Amino acid sequence: MALRLVSDFDLRKDVLPWLRAQRAASAGAGARGGGAGIFENNYESLRVLNVERNGNIIYTYKDNKGNVFFGLYDCQIRQNEHLYTFEKDLQVVSGSVNSERTLLAASLVQSTKEGRQNELQPGSKCLTLLVEIHPVNNVKVLKAVDSYIWVQFLYPHVDSHPLPENHLLLISEEKYIEQFHIQVLQEDGNKVVIKNSGHLPRERVAEDFVWAQWDMSEQRLYYIDLKKSRSILKCIQFCANENFNLMFEAPLDISLSDSGFKLVNFGCDNLQDQEKLSKYLTLCVFTNHTGSLCVCYSPKFDSWEQITYSVFYFHKGHSKTFTAPLGSTNSRVTQGITFLNLDYYVAVYLPGHFFHLLNIQHPDLICHSLFSTGNNEVIDMLPHSPLQSLSGSLVLDWCSGKLYRAFLNQSYLLEFLWNTRLDCEKIAVLHCVLSCGRDPQFLETKIIQWVSENISACHSFDLIQEFIIASSYWSTYPETSNWDKLLPYSSVLTWTTVHSFQGYWEKLNFHLEYVKYSKPPLHYNNSVVRREWHSLISEEKTGKRRSKVYVRNILDTAIKVISNLEARSLEPRLTPLFQEEDNPQRLLMGLMVSELKDHLLRHLQGVEKKKIEQMALDYVSKLLDLICQVLETSWRKHNLHPWVLHFDRQASVAECAVFHIMTRILEATNSLFLPLPPGFHTLHISLGVHCLPLHNLLHYIDSGVLLLTETAVTRLMEDLDNTEKNEKLKFSIIVRLPPLIGQKICRLWDHPMSSNIISRNHVKRLLQNYKKQPQSSRIDKSSFSIEFLPLNYFIETLTDLESSSQALYAFEGHDNVDATFVEEAALKHTMMLLGL
């Protein structure tokens, strides 16, 4: 299934054996096992009561005499501890223990004849008690009312030393919340007692609300009150300095006027009939470390045909509403809809009907969410009992007493990726897998295998492009919460002020400011790099390059990228890359790092410059590494060898397959203007010469798909002999070379055609600034081997120009080219044309 639930705690495995052992020991050796038998008849009363911030789990049960037992399971040392026993037949509503385990707060009602699940009868009392349990001592009555009360101790972020004051929340069914301030004293050594227990200070936190949720991890209270029939969501943050602050108020476009009263995450609500959950609305708030804030809502269920639910993305400034069909009318809905917090995703599922993964980081891209429906493995393997999403990835099954950690199932998602045929599902699952974050090297290897096999299977988006961008984004995203605002995350791109607080609230405020004010998108793109790179290449061609220090700094940055890239490689690469300088690609690497660093410095306030430089370096290195991995996987799959760089051999089917992969890589990177590993173009043109007919090869070169590199053309001239076919290929290549490279390559080919080209270039240089001067009409014929007046006159003119410009043209590589060379080349070319 897409969701993997890993058990952290099981009431029957982690608590039940210990309780049986305790009962057996208390019964004594002569009890004939009666203790265990007694408990066996009462084990169904065992249930989870609360999960505290530190992960400790409070549970309760009744013994055969009706006494109420409170216990605690320490998740760190995985041991149980007896907290307190009420020797009265009572029903537990709620319970909480402070972080030092010195105080127990409990809310209890009188039991009824019908059993523990019956509601409080008219006229009976709900007692809210505060008990000193270190050691067991006094019991303080906090409330005695005719309505239910829930209790919750606060767990502020402080050091491990005991707190002088504890804070307890009381949540009343009469729609108010109070906070009690409880000071404690140590007496007779370690004995802890309540100071001034008769006069505990208290204050109202909230009132007139219809819904409330407790976030145990972040110590936040969310609640909704109704103002003029409008639902207003409010959030209170409890701080370590005893203060609490109203962080925001935000209207919700939902109606709760007839929804009754509901609490979320204030312990196990064992008073409601679980079979009637489908008739109640479902509403919960989810946050994560990146500053996201989502409100998930499903109204009361009133149809057997479809179900509606909404997600309000406060950090993005909009909401989405979904309607899911329920299929056959014979498939009745017996449980309510469930929302689960999966960090970057929210899972929505209705047991036996559908499972929906919503990408909360990028909800604007609906193709990044995954929806499964029907009676299949994805849905049936999820628990059919109600689940409650606690803090982070913790999920509690109240019915079975199991605490899980919920994860996206990488193995299932990878299998789904191979089997799905829909482009929208491919892109959704791709991002799901990459967001998992566990063993990224393994995930990337598996995804690259899939990309190599399905490179032409996606019609709505470029698969290589999406993988490169998405994988680079998710590999660096955890480093900064603002990363999704600054870097592209996909190739498919279609409130009330918050107080100035640190941590989560600072991140949330950044999101809100982005939504309100960011008109130009903050996402990085390579438009500036493109212009600067073209400018540098143009300057290189004309020989008018700017400051050498500027260019050297760019190339030095490229060296760091390549060094960083090589450090990522866990084994030697088989592909013959990084074997040449390839200055154009090195310039592009260095420019991208420089521009990305400047972009991050502009928008990432408070981050060290050195760290930003490393982030930019890592990002560009990751891009290149992914390209290398895609190519390396294809290379290993087809078992190619470095000798493919030589031209004196026939192409194989494997080489053609790798050539196709490289062409798709080039297509993906060109549109984004991303750098390629040095040597990529040399390898690409080498495979192109092998795999393509001459007319196709020349078309690829003329359209810019294949680039002629000096390394590749030099090897071609050296490897191929001068057969008619090879001469045609060589000449077609030479005439398409840039002038500077062409001059070097022509000297490697001992052929009249190359001599002709060299001569043409020499003459062009001499005559480009030539001004005709008066000279003698008589020509010394004795100095020419052939008496042909036009040629003789032209050669004499060139000789004069050479003698006057000797210092200008006597540079390396041109010392053997003169008027005599031109004359011989002209005669050879004429004879070749005449067939002599």
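The following legends describe close-up views of a predicted model.

**View 1. The largest pocket and the residues around its centre.** In this predicted model, the largest pocket holds about 1,200 Å³ of space. Its lining comprises 34 residues, and those that lie nearest the centre are Ile-537, Lys-541, Pro-584, Leu-708 and Ile-741. By class, the lining of the largest pocket divides into 16 nonpolar, nine polar and nine charged residues.

**View 2. Helices that contribute to the largest pocket.** At least two lining residues of the largest pocket come from each of helix 10 (527-542), helix 12 (583-603), helix 14 (653-672), helix 17 (710-719) and helix 19 (739-746). Among the contributors, helix 10 gives the most to this lining, with six residues.

**View 3. The second largest cavity.** About 90 Å³ of space lies in the second largest cavity, which is lined by Asn-50, Val-51, Trp-214, Asp-215, Met-216, Asn-265, Gly-267, Leu-390, Ser-391, Leu-396 and Trp-398. Strand 2 (47-51) and strand 15 (209-215) each supply at least two residues of the lining of this cavity. The lining of the second largest cavity has six nonpolar residues, four polar residues and one charged residue.

**View 4. The aromatic pair of Phe-9 and Tyr-73.** The structure holds 22 aromatic pairs, and one of them is formed by Phe-9 and Tyr-73, whose ring centres are 5.0 Å apart and whose planes stand at 45 degrees, so that the pair counts as tilted. This pair links distant parts of the chain, with Phe-9 in strand 1 (residues 3-10) and Tyr-73 in strand 4 (residues 68-74), 64 residues apart. Because buried means under 20% relative accessible area, Phe-9, at 1%, is buried, and Tyr-73, with a relative accessible area of 2%, is buried as well.

**View 5. The aromatic pair of Tyr-309 and Phe-354.** Tyr-309 and Phe-354 form a stacked aromatic pair, with 5.7 Å from centre to centre and 10 degrees between the planes. Distant parts of the chain are linked by this pair, since Tyr-309 belongs to strand 22 (residues 306-313) and Phe-354 to strand 26 (residues 354-359), 45 residues apart. Both Tyr-309 and Phe-354 are buried.

**View 6. An aromatic cluster, and a charge over a ring.** Tyr-148, Trp-150, Phe-209, Tyr-223 and Phe-261 are linked into a cluster by ring pairs. A contact of another kind involves Arg-204, whose charged end sits over the ring of Tyr-176 at 4.1 Å from the ring centre.

Note on methods: Residues numbered from 1 in each chain as written. Predicted model: local features only at pLDDT ≥ 70, side-chain atom pairs only at ≥ 80, totals over all residues. Heavy atoms only, no water. 1 Å grid on protein atoms, 1.4 Å probe; cavity = no way out; pocket = protein on both sides within 12 Å on 5 of 7 lines; lining within 4 Å. Points joined across faces, edges and corners; volume = space filled by probe spheres on them. Helix = DSSP H or I, 4+ residues; strand = E, 2+ residues; numbered from the N terminus. Nonpolar A, V, L, I, M, F, W, Y, C, P; charged D, E, K, R; others polar. Phe/Tyr/Trp six-rings, centres within 6.5 Å; stacked < 30°, edge-to-face > 60°. Buried < 20%, exposed > 50% of the residue type's maximum accessible area, 1.4 Å probe, protein only. Lys NZ or Arg CZ within 6 Å of the ring centre and 35° of its normal.
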